[in-house]
Amino acid sequence: QVQLVESGGGSVQAGGSLRLSCAASGSAFRGYCMGWFRQAPGKEREGVAYINAGGGNLYYADSVKGRFTISADNAKNTLYLQMIGLQPEDTAMYYCAAHATRNWNEKCASGAYEYRYWGQGTQVTISS
């Protein structure tokens, strides 16, 4: 069983920065893909960034490339999402998610439905 708890959300002005954290318990980070998703009101949940079990394969949505950075601290079992240059369109509930993989090099799944474990979410609100 994997439990994920997000933190670090908040309200900032456009151009500002936030760092989200996701603390994982259980066996997360050992053979799991970890990802950040977000969902704005009235919109579908979308993948923002993923990092595979080995840490060597990263994915970013086009809308966040160059502004968001995903990283993982295996010693702390914590996933991060550093966000800079935030814009009002980044406003959403941000979720941490994980799914098991068969090996360290396997790429992460792209669909939210493929992620078995989810955190409760942390709200990010960007004002113009």
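1. Start with Asp 62 and Lys 65. Their side chains meet in a salt bridge, 3.2 Å from N to O. A salt bridge here is a side-chain nitrogen of Lys or Arg within 4 Å of a carboxyl oxygen of Asp or Glu. Asp 62 is exposed, at a relative accessible area of 64%. Lys 65 is exposed too, at 51%. The cut-offs, with a 1.4 Å probe and protein chains only, are: buried under 20% relative accessible area, exposed over 50%, partly exposed in between.

2. A word on the basis. This is a predicted model, where local features need pLDDT of at least 70, side-chain atom pairs count only at pLDDT 80 or more, and totals for chains, interfaces and linings use all residues. Residues are numbered from 1 along each chain as its sequence is written, and side-chain values use heavy atoms, without hydrogens and water.

3. How many salt bridges are there by this rule? The count comes to 5. Side chains of opposite charge can pair when their charged atoms come close.

4. Now look at Asp 90. Arg 67 forms a salt bridge with Asp 90, with the closest N and O atoms 2.7 Å apart. Arg 67 sits in the loop between β6 (58-60) and β7 (68-73), and Asp 90 in the loop between β8 and β9, so the pair ties together parts 23 residues apart in sequence. Strands (E, at least two residues) and helices (H or I, at least four) are DSSP runs, numbered from the N terminus. Asp 90 counts as buried, at 1% relative accessibility. Salt bridges with shared partners join Arg 38, Glu 46, Arg 67 and Asp 90 into one network.

5. Asp 90 also forms a salt bridge with Arg 38, the closest N and O atoms being 2.9 Å apart. This pair links distant parts of the chain, 52 residues apart, with Arg 38 in strand β4 (residues 32-39). Both Asp 90 and Arg 38 are buried.

6. Which residues have the most contacts inside the largest nonpolar core? They are Leu 4, Trp 36, Leu 81, Met 83 and Tyr 94, in a core of 30 residues. Strands that each supply at least two residues of this core include β3, β5 (46-51) and β11 (122-127). Another core, of 7 residues, lies apart from it, with Cys 33 and Cys 108 among them. A nonpolar core is a set of buried Ala, Val, Leu, Ile, Met, Phe, Trp, Tyr and Cys residues joined through side-chain atoms within 4.5 Å.

7. Last, strand β1 (residues 3-7). Its covered face holds Leu 4 and Glu 6. Its uncovered face holds Gln 3, Val 5 and Ser 7.
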